[in-house]
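Me: I would like to learn how to read the features of a model like this one, going step by step. Could you take me through it, giving the general idea before each case?

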Amino acid sequence: MPIIVCENNIFVLETSNTHYVLGIDAAGCNRHIYWGKKCDVRDYVIDYNKDENSHNTALDEIAQEYTPFGSTMYRGSALKATFADGCRETDLKYVGYEKTDNTLVLHFADTHYPLAVTLHYRLAEGLDIITRWTTVQNTGKEAISFEKLFSAELTLPSKKPYTFKNTNGGWAGEFLETNTTVEGGTAVFESRGGVSGHNQVPSFIAYQNADETAGDVYFASLAYSGNFKVSASRDLYNTTRVLLGLNDFDFAYLLKAGESFSTPKVFCGNTQSFGEMSRQMNRFALEYVLPKPYNKTPLPVLYNSWEATYFDVNSENQCALAERAAEMGVELFVMDDGWFGARKDDRAGLGDWFVNREKFPNGLTELIEKVNSLGMDFGLWVEPEMVNPDSDLFRAHPDWTYHYPHRTAHELRNQLVLNMTRQEVQDYIFGLLDALLTENNIKYFKWDMNRALSETGARNLEEPKMLWYLHTKAVYDIVDKLKQKHPDVTIESCCSGGGRADLGALEHFDMVWTSDNTDGIDRMTIQKGYSLLHPTKAMRAWVTDIEGINKPCSLDFRFAVAMQGALGIGGNLTKYSEADLEICKKNIALYKQIRELVQFGDLYRILDIEKDEVLLNQYVNVQKTESVAFLLANGTRFYKKRMPVCFDGLDDNKRYTLTVQNQTYEKSGAYLKNVGIPLHIRGVDYNEIIRIKEVRAQ
Ligand code: GLA
């Protein structure tokens, strides 16, 4: 996994299968040279093109690793700074490099002003994924103000147009894929509400002729949960470039004398299929993104009370649910919204993180002890960034929310957003959450965030537009501090479902909630979109009482969908029949046997519910000795579904046994991949979980 320094200041980052090549030109400017399949290292050169006219300049044509705003360069820039004397242009020249086995750091400085810019690159052992980020440092005595500070600029090799996969989703419909071909101009994917959001994702997947098993795929995911921007352009020279980073919408960053700032990271890669992209990103997230130590520990089966009791939680009904949950095999019992302050519905209580004594006369201890005595851990829902105007917190500190004195502070879900950039607000939140963890045997928080920011006045800040960044940073900081003090606690990121289910969140939170939509049918599509760039292990997925809004969807079917992530249960168990309980018991026991495969295995998306009417997802362990496949269909048409079902990811030369549609087969990996097993898959509510195991010679 070398980093090769060639003559003429050319650097080659060599991953398992790719070269990422950059350099410094004769003028000292940073240049992007190539990204893609490996070539002979000796052949890379910097292209010096002097062909320009008075509108389209040579500078505008070159590919760069990081383009500062200024001079005769007119394309979107990665950085725009204003210096103390009002100069708004930056002129960066190369200073030098540092390198280790797996990192390259390139230093640049402005030719006149006291600004140092550092580009960071880090390779990941055995993967084609490179981590990039940028640091700016003020080496002078006066502040520098930034209007743009992207993490990375990426230039794609082909002169033909790329199609960009992103999403166009919403609440209850997150991760719904879109495919936008950028022939000319710019496609922008972004969020502006203070979180990464439900609509688009902070990443890109740019491809040509690609599918699950073949093609050319470039991708990058931004590790950031706040306002982001991904802009993909194709110019008159047919060059496709992408900028990723903090959204420059309503953005500013004031860098004071002596300070430095590092952008969020970008994880980028090039693979030869969507499937390989997802498998690499999954492994990468397990190893390098998810917080330690739980990155390597299978997540427990969780129960969550939300859809069973909504705001009506009390000691009695939670104990009743806990008894049922324990009987089924649940390992972590979570009480959702409604347990604190004057919380009867969503109109009051947020901010008052004290147990409601009417609902819990003996405090939380009684319930927690009960849950523990049933052999389960206990977890709790919180929404720390928020306050209801009808709360003791708001009555005591009406000035603690974002607002402008002469504008209406609009409520969404009857709540306002706390000004997380204020130290006293951060201290208040940390203090109460820390107290909850210290005084009670709580092993998990679900950290929710149920509205977008608005009227974002933050007069405590010298540069109020920094609030967008500082808000997200405050969330990350509090989560980190809580986990440092309480290392046995895991925290889930929820944001009205999947509004904060990104790799930035997953650098701090142990898992994410991808959608409030728990309809098994819809969930197959949502989970597919999530799986493209995010780790399976971190995806909480519940079985609830939604029996299919449009189509019937049995309990077994719902389990077969939810078992493809970190399984949770969210139904009203007190209403379950004995037969339902048995189905739950059976599936939870099965899940415990296969969860290592699902949470840590390689995913092969073989059939797609949207395109094929059938879903076949297969998870294979690293040694290729064991696998589990989920075969689901809901509403096949035209009687056409007798088909050879092929499996993937197995060792061609190993022999495997599997039972499907009540018949047991013993076949080689090669046969299962190329010939397959002919199956009839018809009708609604078809679900089968197929275990595939290596047959070892006696
Ligand atoms: C959000 C979450 C739900 C639930 C409710 C509680 O909508 O996404 O899972 O926790 O809040 O109010």
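Me: How many bridges join strand E33 and strand E38, and in which sense do they pair?

Reply: Strands of a sheet pair through backbone hydrogen bonds, either parallel or antiparallel. Two strands are taken to pair if DSSP finds at least two bridges between them, and the elements themselves are DSSP runs numbered from the N terminus, with helices being H or I of at least four residues and strands E of at least two. In this predicted model, E33 (residues 626-633) and E38 (residues 686-694) pair in the antiparallel sense over 8 bridges, and Phe 630 has Ile 689 in E38 as its bridge partner.

Me: Before going on, what should I keep in mind about numbering and confidence?

Reply: Residues are numbered from 1 along each chain as its sequence is written, and side-chain values use heavy atoms, with hydrogens and water left out. Since the model is predicted, local features need pLDDT of at least 70 and side-chain atom pairs count only at pLDDT 80 or more, whereas totals for chains, interfaces and linings use all residues.

Me: What is the strand order of the open sheet of 6 strands, and which strands stand at its edges?

Reply: The order is E31-E32-E33-E38-E35-E36, with antiparallel pairing. Strand E31 (602-607) and strand E36 (663-668) stand at the edges with a single partner strand each, so one side of each has no neighbour in the sheet. Neighbouring strands here are turned by 20° against each other on average, direction ignored, where axes are lines fitted to C-alpha atoms (for helices over the stretch in contact) and angles run from 0 to 180 degrees between N-to-C directions.

Me: Which helix lies across E31, E32, E33 and E38?

Reply: Contact means heavy atoms within 4.5 Å. Helix H11 (residues 578-600) lies across these strands, running at about 100° to E33.

Me: How should I read a nonpolar core, and which residues of the largest one touch the most other members?

Reply: A nonpolar core is a set of buried Ala, Val, Leu, Ile, Met, Phe, Trp, Tyr and Cys residues joined through side-chain atoms within 4.5 Å; buried means under 20% relative accessible area, exposed over 50%, and partly exposed in between, with a 1.4 Å probe and protein chains only. The largest core has 94 residues, of which Trp 339, Trp 447, Leu 567 and Ile 569 touch the most other members. H11 gives the most to this core, with 8 residues, and the core draws at least three residues from each of domain 2 (294-486 + 535-600) and domain 3 (605-694), the bounds coming from an automatic or database domain assignment.

Me: Is Asn 356 buried or exposed, and where does it lie?

Reply: Asn 356 counts as buried at 9% relative accessibility, and its place is the loop between strand E22 (332-335) and helix H5 (365-373). Leaving aside neighbours within four places in sequence, Asn 356 is in contact with residues including Trp 339 and Arg 343.

Me: How many residues of strand E11 are buried?

Reply: In E11 (residues 162-167), 6 of the 6 residues are buried, so the strand is largely enclosed by the rest of the structure. Tyr 162, Phe 164 and Asn 166 point one way, while Thr 163, Lys 165 and Thr 167 point the other way. E11 runs antiparallel to strand E12 (residues 177-182), joined by 6 bridges, with Phe 164 opposite Thr 180.
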